[in-house]
Amino acid sequence: MYAIIETGGKQYNVKAGDVIKVEKLEAAPEESITFDKVLLVSGGDAPKVGAPYVNGATVTASVLAQGKEKKVIVFKYKAKKGYQKKKGHRQPFTSLRIEAING
């Protein structure tokens, strides 16, 4: 059984037991989170497709950790002008373990 959930403006294909990284959520480690924006639930006979969300379907996950991704360097340069600009960015994330898919 798998589901497609929406969080942080992105969609994730998840199964029970999966570990995923999503955009940062305000939750402490070992806390439980329930996602109700479920776009599709597949299992048994036929998949249930929402319009836009499946009614009554939820996905439960537990928070493993909060962190930041590796640094991405943004470097701007214009030849022969003496213009250089270097900037770095580290995107925060929340690591989740999918516990159950209900629906």
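**Surface, ring and backbone features of the predicted model**

Ile73, Phe75 and Tyr77 make a nonpolar surface patch of about 350 Å². A patch is made of residues with over 30% relative accessible area and no salt bridge, where nonpolar side chains (Val, Leu, Ile, Met, Phe, Trp, Tyr) are joined within 5 Å and like charges within 9 Å. Accessible areas come from the Shrake-Rupley method with a 1.4 Å probe, and for residues only the protein chains shown count as cover. The model is predicted, so local features need pLDDT of at least 70 and side-chain atom pairs count only at pLDDT 80 or more, while totals for chains, interfaces and linings use all residues. Residues are numbered from 1 along each chain as its sequence is written, and side-chain values use heavy atoms, with hydrogens and water left out.

Strands (E, at least two residues) and helices (H or I, at least four) are DSSP runs numbered from the N terminus. Phe75 is partly exposed, with a relative accessibility of 48%, and Tyr77 is exposed, at 52%. These classes are defined by relative accessible area: buried is under 20%, exposed is over 50%, and partly exposed is in between (1.4 Å probe, protein chains only).

A pair of aromatic rings is described by the distance of the centres and the angle of the planes. Rings of Phe, Tyr and Trp (its six-membered ring) pair if their centres lie within 6.5 Å; planes under 30 degrees apart count as stacked, over 60 as edge-to-face and the rest as tilted. The count by this rule is one aromatic pair. The pair is stacked, because the ring centres of Phe75 and Tyr77 are 6.5 Å apart and the ring planes are at 15°.

Charges over rings were assigned where NZ of Lys or CZ of Arg is within 6 Å of the ring centre and within 35 degrees of the ring normal. Lys21 lies over the face of Phe93, 4.4 Å from the ring centre. Lys78 lies over the face of Tyr83, at 5.9 Å from the ring centre.

Side chains of opposite charge can pair when their charged atoms come close. With a salt bridge taken as a side-chain nitrogen of Lys or Arg within 4 Å of a carboxyl oxygen of Asp or Glu, the count is one. The salt bridge joins Glu23 and Lys10, whose closest N and O atoms are 2.6 Å apart. Glu23 lies in strand 3 (residues 19–23) and Lys10 in strand 2, so the pair ties together parts that are 13 residues apart in sequence. Glu23 is partly exposed at 23% relative accessibility, and Lys10 is partly exposed at 37%.

Strand 2 (residues 10–15) also holds Asn13, which is exposed with a relative accessible area of 53%. The C-alpha atoms of Asn13 and Ala3 are separated by 5.8 Å, although the two residues are 10 residues apart along the chain. Apart from neighbours within four places in sequence, Asn13 is in contact (heavy atoms within 4.5 Å) with Tyr2, Ala3, Ile4 and Asp18.

Some backbone features fall in loops. The peptide bond from Ala51 to Pro52 is cis, with omega near 0°, and Pro52 is in the loop between strand 6 (48–49) and strand 7 (58–68). Glu30 is not a glycine but has a positive phi of about 70°. Glu30 is placed in the loop between strand 3 and strand 4 (32–35) and is exposed, at 69% relative accessibility. Lys80, also a residue other than glycine, has a positive phi near 65°. Lys80 is found in the loop between strand 8 and strand 9 (83–89) and is exposed, at 84% relative accessibility.
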